[in-house]
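Hi,

Here is the structure I said I would pass along.

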Amino acid sequence: MGKESKKDLIADTALACFMSSGYSGTSVDEIVRVSGVSKGGIYWYFKSKEDIFLYLVERWINEWMAEYLARLEEADSNAVKLTKYIEHYLEKIDTPMSALMAEFFLQNKKECVLKRVNVYFKQALEILHGFIQQAIAGGEFKPMDAWATTYAFTGILDGIGLQWQIHKDKQLLERTLRTALDIFLAGVLKH
């Protein structure tokens, strides 16, 4: 078995354990038992349980963004690209990885971990920023600070997503996201 496939085997096994017991309820010993990989073998690929989880986060974000980008068509306006982002967000919010990430980030306060995760999310933000910057430069959006606009857009999604974690009403989530998108676009589109 190749190095990357063994690493992914460990990560996939850990994900199954995290989904079953939660992040905090899973131990490296459980991952060893379920995967059949020795503890030394796990530590060859990962420094800690936290490192395994961060690998899963990076992989999930990369897959999430690749799936989103595959939805886009060359003729899409930047407003349509943001609409498709929200549609993809709606499809992916109710996944086990989303719930695990919420648990992990609410519990983890280590600056080094938060910096590492910020790098993963920054890559996704840069794609959105590129669309927003392109919309501003092309006259589709009003002149404004592209980074601030990007953070405002994602902040709206994060806040609505956090509310959904509490109420779990998918129909309300969809209505709220679509209303928020309409409000956002009304504020940024050049009329």
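For the cut-offs, buried is under 20% relative accessible area, exposed is over 50%, and partly exposed is in between, with a 1.4 Å probe and protein chains only.

Before the rest, the ground rules. This is a predicted model, so local features need pLDDT of at least 70 and side-chain atom pairs count only at pLDDT 80 or more, while totals for chains, interfaces and linings use all residues. Residues are numbered from 1 along each chain as its sequence is written, and side-chain values use heavy atoms, with hydrogens and water left out.

**Overall picture**

The protein has nine helices and zero strands, so the elements read α-α-α-α-α-α-α-α-α from the N terminus, where helices (H or I, at least four residues) and strands (E, at least two) are DSSP runs numbered from the N terminus. The C-alpha trace spans about 60 × 35 × 30 Å along its principal axes. Of the 191 residues, 43% count as buried. Contact here means heavy atoms within 4.5 Å. Taking the contacts with a separation of 6 or more, 67% come from residues 24 or more positions apart.

**Two helix pairs**

Axes are lines fitted to C-alpha atoms, for helices over the stretch in contact, and angles run from 0 to 180 degrees between N-to-C directions. Angles under 35 degrees count as roughly parallel, over 145 as roughly antiparallel, 65 to 115 as roughly perpendicular, and the rest as oblique.

Helix α4 (residues 49-71) and helix α6 (residues 96-107) have axes that come within 11 Å and cross at roughly 135°, which makes α4 oblique to α6. The crossing of α4 past α6 is left-handed; that label applies if the near helix is turned anticlockwise from the far one by less than a right angle, and right-handed applies if clockwise. On the α4 side the contact is made by Glu50, Phe53, Leu54, Leu56, Val57 and Trp60, and on the α6 side by Met97, Ser98, Leu100, Met101, Phe104 and Phe105. By class, the residues of this contact are 10 nonpolar, one polar and one charged. The classes work like this: Ala, Val, Leu, Ile, Met, Phe, Trp, Tyr, Cys and Pro are nonpolar, Asp, Glu, Lys and Arg are charged, and the others, Gly among them, are polar.

Then there is α5 with helix α9 (residues 170-188), packed at an angle of about 165° with axes 11 Å apart. The two are therefore roughly antiparallel, and their crossing is right-handed. From α5 come Ala79, Leu82, Thr83, Ile86, Glu87, Tyr89 and Leu90, meeting Lys170, Leu173, Glu174, Leu177, Arg178, Leu181, Phe184 and Leu185 of α9. The contact of α5 with α9 has 10 nonpolar, one polar and four charged residues.

**Salt bridges**

Side chains of opposite charge can pair when their charged atoms come close. A salt bridge is a side-chain nitrogen of Lys or Arg within 4 Å of a carboxyl oxygen of Asp or Glu, and the whole structure holds 10 salt bridges.

Back to Glu67: its partner is Lys92, with the closest N and O atoms 2.8 Å apart. Lys92 lies in helix α5 (residues 78-92) and Glu67 in helix α4, so the pair ties together parts 25 residues apart in sequence. Lys92 is partly exposed, at 23%.

Glu91 and Arg71 form a salt bridge too, with the closest N and O atoms 3.0 Å apart. Glu91 is in α5 and Arg71 in α4, so this pair joins parts 20 residues apart in sequence. Arg71 is partly exposed, with a relative accessible area of 25%. Elsewhere, salt bridges that share partners join Asp8, Asp12 and Arg59 into one network.

Asp29 and Lys39 also meet in a salt bridge (2.7 Å, N to O). Asp29 sits in helix α2 (residues 28-35) and Lys39 in helix α3 (residues 39-45), 10 residues apart. Both are partly exposed, Asp29 at 47% and Lys39 at 37%.

Cheers
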